[in-house]
Amino acid sequence: MDLEYELLDTGIFEGDRYFDVFIEYAKAAPNDLLIQVSIHNRGDHAAELNVLPTLWFRNTWSWHPDYTPRKPELKQMDATKVRARHEALGEYAFVSDRPVPFLFTENETNVERLFNQPNPSPYVKDGIHRYVIHGEKSAVNPGKVGTKVAAHYTLTIPAQGVETIQLRLFQDGSSTSGAFGQAFNDQLQTAIAEADAFYHHLIPDECTADQRNIIRQACAGMLWTKQYYYYPVNYSQLKQGAFSSPAVSKPTASLWGGLQHPQSTVTSALNNRFWCPQYNYNLKQLKLLKELSSPH
């Protein structure tokens, strides 16, 4: 039996003609996110790469025709700064460490391409892709406003070299002076040291360096996604037939009564916010293994 075809079997890494991209996040404050992107050219020749750090709003304004929240906005303010405004989140600044072209579009599906229906706006979510890959200049908004934006870095990275990009996303940022520099670097290094200390305590001592790296990457994926589920159910929608699938039983009269009970904490809607516990299981196992492996 042949072995499973792996990525290495494609030959894509022959001659080391590839890039490694490392993205590091740190918080300087609860609503102040530091971002560092390090791009390594592993090859023996200089090579060009387009790097597109992207910020967007989820298109909740398009979900319900009968309920239209105020549409958020991303707008370029100067050569390094985009202002983000949202009625619930407030105002943020998305800032680059250098002047860079910002490409704007709307975070809306290209229904013309998918379903042969007219797009409500000429700017749709694949507009940035079409601009960069196909050179479609009209695919992005020349007015420098939208609900999705990418900072367009065109980098030529020397052989065996590295290029570093820094960005910052922070709240109520009317001024961007001092956003980067030594303070940024110090805060990032502090966060790296804290993460190293956390995983040093978490991962069993007998793990090899390679095993420790695998565990860190696995835990980072779980921590980053967080497996957060937001499941709101409107009572009136339930009454009107939300349980239309034959595989789902309709709620009983006692359930409706419970929802309408004056002492019930849920009177007009069921609003669940929960974590999926299975994704915390391995972390608990690791902690237990660490405790068991420690000398008593």
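Predicted model: local features only at pLDDT ≥ 70, side-chain atom pairs only at ≥ 80, totals over all residues.
Me: How many helices and strands does the protein have?
Reply: Seven helices and 14 strands. These are DSSP runs, numbered from the N terminus: helices are H or I with at least four residues, strands are E with at least two.

Me: How much of the protein is buried?
Reply: Buried residues are 31% of the 296 residues. Buried means under 20% relative accessible area, exposed means over 50%, and partly exposed is in between (1.4 Å probe, protein chains only).

Me: Switching to Ser38. Where is Ser38 found, and is Ser38 buried or exposed?
Reply: Ser38 is in strand E2, residues 32-41. Ser38 has a relative accessible area of 9%, so it counts as buried.

Me: Which residues is Ser38 in contact with?
Reply: Leaving aside neighbours within four places in sequence, Ser38 contacts Asp20, Val21, Phe22, Val162, Glu163 and Thr164. Contact means heavy atoms within 4.5 Å.

Me: Now helix H3. What span should H3 have?
Reply: H3 has 21 residues (182-202) and should span 30 Å at 1.5 Å a residue; its end C-alpha atoms are 30 Å apart, which agrees. The expected span is 1.5 Å times one less than the number of residues.

Me: Which residues in H3 are buried?
Reply: Phe184, Leu188, Tyr199 and Leu202. Seen down the axis of H3, the buried residues fall within an arc of 55°, so they line one face of the helix. The arc is that of the directions from the helix axis to the C-beta atoms.

Me: What sits on the face turned away from that buried side?
Reply: Exposed residues of H3: Gln182, Glu194, His200 and His201.

Me: How many salt bridges does the structure hold?
Reply: The structure holds 11. Each is a side-chain nitrogen of Lys or Arg within 4 Å of a carboxyl oxygen of Asp or Glu.

Me: What does Asp32 form a salt bridge with?
Reply: Arg168, with the closest N and O atoms 2.7 Å apart. Asp32 lies in strand E2 and Arg168 in strand E12 (residues 162-171), so the pair ties together parts 136 residues apart in sequence. Asp32 and Arg168 are both buried.

Me: Which salt bridges involve Asp126?
Reply: Among them, one with Arg113, closest N and O atoms 3.5 Å apart, and one with Arg130, at 3.2 Å. Asp126 has 14% relative accessibility, so it counts as buried. Salt bridges that share partners join Arg113, Asp126, Arg130 and Glu136 into one network.

Me: Is Arg113 buried or exposed?
Reply: Arg113 is exposed, with a relative accessible area of 63%.

Me: Last topic. Which residues make the nonpolar surface patch of about 410 Å²?
Reply: Leu7, Leu8, Ile12 and Phe13. Patches use residues with over 30% relative accessible area and no salt bridge; like charges are joined within 9 Å, nonpolar side chains (Val, Leu, Ile, Met, Phe, Trp, Tyr) within 5 Å. Ile12 is partly exposed, at 49% relative accessible area.

Methods: Residues numbered from 1 in each chain as written. Heavy atoms only, no water. Areas by Shrake-Rupley, 256 points an atom, 1.4 Å probe, with all protein chains shown as cover.
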